[in-house]
Amino acid sequence: MASSNFKIAPCELADMAVCADIFDEAFADDPAMIYLHPRSDPRVLKERSLQNFEKSFKAPGVKYFKSILGETGYVLCPF
C-alpha cells in the first residue's frame, strides 16, 4: 500500500505561482482553452493565469489549500 505521508496547509500568496503552473499544465491541451485562446502566447496566458490566482487569493471568503508531501516539501495546490 502506498504511503500517504502528507499534510494539508493553507496556501500563501507565493504559492499561487505553483497553482498557476499546475492549472496551465493541466489544461494546456484542452480543446476549450485552445478554442478560447487561439494563437495566444503561452507566456502571456501563464502570466494572466497567475494574476487571476493572485486576485482570487485576496478575495473575501476564498481559501486555497496545499498538500505537502512528506519530507520532500513538494507542494500540490488543489483547486
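**Stop 1: a salt bridge at Lys66**

Select Lys66 and Asp15: their side chains form a salt bridge, with N and O 2.8 Å apart. Lys66 belongs to strand E2 (residues 65-69), while Asp15 sits in the loop between E1 and H1, so the pair ties together parts 51 residues apart in sequence. This is a predicted model. Are these two residues buried or exposed? Lys66 has a relative accessibility of 11%, which is under the 20% limit, so Lys66 counts as buried. Asp15, also at 11%, counts as buried.

**Stop 2: the other salt bridges**

The whole structure has three salt bridges. Select Asp21 and Lys46, whose closest N and O atoms are 2.9 Å apart. This pair links helix H1, which holds Asp21, to helix H3, which holds Lys46, across 25 residues. Asp21 is partly exposed at 28%, and Lys46 is partly exposed at 38%. Next, select Arg43 and Asp41, which form a salt bridge at 3.2 Å between the closest N and O atoms. Arg43 is exposed at 66%, whereas Asp41 is partly exposed at 30%.

**Stop 3: the core**

Select Cys11, Met16, Cys19, Ala20, Leu50, Phe53 and Tyr64, the seven residues of the largest nonpolar core. H1 and helix H3 (42-57) each give two or more residues to this core, and H1 has the largest share, with three. Now pick Met16: beyond its neighbours up to four places away in sequence, Met16 touches residues including Leu50, Phe53 and Tyr64.

**Stop 4: Leu13**

Finish at Leu13, in the loop between strand E1 (6-10) and helix H1 (16-27). Leu13 is partly exposed, at 35%. Leaving aside neighbours within four places in sequence, Leu13 is in contact with Glu54, Phe57 and Lys58.

Terms used: Residues numbered from 1 in each chain as written. Predicted model: local features only at pLDDT ≥ 70, side-chain atom pairs only at ≥ 80, totals over all residues. Heavy atoms only, no water. Helix = DSSP H or I, 4+ residues; strand = E, 2+ residues; numbered from the N terminus. Buried < 20%, exposed > 50% of the residue type's maximum accessible area, 1.4 Å probe, protein only. Contact = heavy atoms within 4.5 Å. Core = buried A, V, L, I, M, F, W, Y, C linked by side-chain atoms within 4.5 Å. Salt bridge = Lys/Arg side-chain N within 4 Å of Asp/Glu carboxyl O.
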